[in-house]
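Here are my notes for your review. Please read them with the model open.

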Amino acid sequence: MTEILAQTPLLTVFLVVALGSALGAIKLGPVRFGAAGALFVGLAIGALDPRLGEGLGLAQAIGLALFVYTIGIAAGGSFFRDLRTQTPLMAGAAALLVVIGAIAILLARLLGLDPGVIGGTFAGMLTATPALAAATSALDGSTDPAVGYAIAYPVGVLVTMLMLTLVVRRPLPGTRDPEPLAAAGLLDITVEIEREVRVEDIPGIAVTPGRSDGQVRMSYLLRGAEVRVALPEDTLQPGDHLVLVGIPAAVRHAADAIGHRADRHLADDRTVVDFRRFVVSDPQVAGRTVAQLRIPARFRGILTRIRRGDRDLLALPDMRLQLGDRVRVVVPREQMPAISRLFGDSEKKVTEVDFLTVGLGITVGVLAGLITLPLGGISLALGSAAGPLLVGLLLGRLERTGPLVWAMPGAANLTIRQLGLVLFLAAVGLSNGQAFAATAFSRTGAMVVLAAVVMLVVGLLAFWALGRAVGLSAPRTAGAMAGFVGQPALLSHVGTMIDDERAESGYSALYAMGIIVKIIVVQLVVSL
């Protein structure tokens, strides 16, 4: 069997992918290794014969480029938005990663670990696959980083899960982190108007681009016997009935300011005005804001909600649509076909990927990765990990450039990302199986575990103190801590204990930034 595998690398790689996925799906207490299962299976099979890990450099490079580029595309918008809103947290976390890198260098000297091994330990305990690639590249393909990574990876996941459990159960003051406005979902009610009021004067109404406090939208308007869609330029009259939708507290406040809740809900009558969810599948719509579509002027309708992933969002005027979004539009019934054509409304199209933009994006990213920056006596390279990631972040922020749509449908992005990750980890495992088998159960292996535990415990305790110092809540601190380490299973673990969107926001703020800093720091660790 070993002979067959050695002669057929394609068979070997996909056997590792299959067996690794099976291992990754097994729940070991609170932990699932997920895609990392491919690394462990690859190490085990690669240890059988040195030939099994030969000639897999291209598979590693392709897998890594797909993985980091899709992360950048998905996180670009939130990353740059969070630069403004969560700067203290992100700056503190970046500084903390530098401190952990310094601790890694110190421990390497105290414990007698090679630079490559401690670099891999740093990447593994922080589950940073791109950092592993950067360390390997900096050492001209040495197997040492992969050995440290494989030993430290499960330590990083297990220790962080324990720390997260403690953080969630220990409330923080959260003085600068109020309860999320959308925690209770969205509410829609019908209000009977008691006084004349312009739509734009309704408290909290979101009809003007650039207005950041909008938490309420409107849909149906009943005036006399006529039912139609309420428009931004309307002036409401006593006796009108209006449907408001938005954040529950804001909707109730707006209703009290202009009238009282009616017994009859207008949205139950769909004979003249109707609503439906449409799939955003037309690339010409993706990347445009709700206001830019001019739905009130063109169709006498209004876009009220956006379903993105598993969350319903209020459709604010400045919100950009993404391929795969499901938007709820309220329009006169005769306008339904036109609205369907506007958005595309095709489930098939949102599963397709524009490989023109993917290819261009990764090409630019790889070229950026060739840039080398001199720093004292050493040189730092963006490499095949940071280059595509940074370009992906920038393009994800832009979303589109003229006719080119950089954003991907969410489901397609996740599929390509997972494929790239398992290919990379399978190839890394096969290439480093021999070195791992010789090291894992030796004194060096024990020193790697000790170093990983020390660095992680110190780092996570300091991170908790950082969250407390900048006034974060426990949910945001836990989510940010999961992003700081970077394993998606850690965010899932937080989600099993709390249901709070601040955890996801904290995770997204730290995840992409953390990868970039880890890539830079690990190159310093292996060079000193």
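1. Start with the pairing of β1 and β6. In this predicted model, strand β1 (residues 187-193) is joined to strand β6 (residues 241-246) by six bridges. The two strands run antiparallel. Within this pair, E192 stands opposite H241 of β6.

2. β1 also pairs with strand β7 (residues 259-261). Three bridges connect β1 and β7, again in the antiparallel sense. Here E192 has H260 of β7 as its bridge partner.

3. Why is β1 largely enclosed by the rest of the structure? Five of its seven residues are buried, that is, under 20% relative accessible area.

4. Next, the open sheet. Four strands form it, in the order β8-β11-β9-β10, and the pairing is antiparallel. β8 and β10 (311-314) stand at the edges. Each has a single partner strand, so one side of each lacks a neighbour in the sheet. From one strand to the next, the twist averages 25 degrees.

5. Now β11 (residues 326-332), which is largely enclosed by the rest of the structure because six of its seven residues are buried. Strand β8 (residues 273-279) pairs with β11 over seven bridges, in the antiparallel sense. Strand β9 (residues 302-308) and β11 pair antiparallel over five bridges.

6. Which residues stand opposite V329 in β11? R276 is one of them, and L303 is another.

7. α11 (residues 336-343) lies across β8, β9 and β11. The helix runs at about 20 degrees to β8.

8. Turn to the nonpolar cores. The largest has 111 residues. Which of them touch the most other members? They are L113, M125, F463, F484 and L510. Beyond its neighbours within four places in sequence, L510 contacts L89, M90, A93, F463, A480, G483 and F484. Another core, of 36 residues, lies apart from the largest one. Its members include L187, L222, L242 and A255.

Note on methods
Residues numbered from 1 in each chain as written. Predicted model: local features only at pLDDT ≥ 70, side-chain atom pairs only at ≥ 80, totals over all residues. Heavy atoms only, no water. Buried < 20%, exposed > 50% of the residue type's maximum accessible area, 1.4 Å probe, protein only. Pairing = 2+ DSSP bridges. Core = buried A, V, L, I, M, F, W, Y, C linked by side-chain atoms within 4.5 Å. Contact = heavy atoms within 4.5 Å. Axes fitted to C-alpha atoms, helices over the stretch in contact; angles between N-to-C directions.
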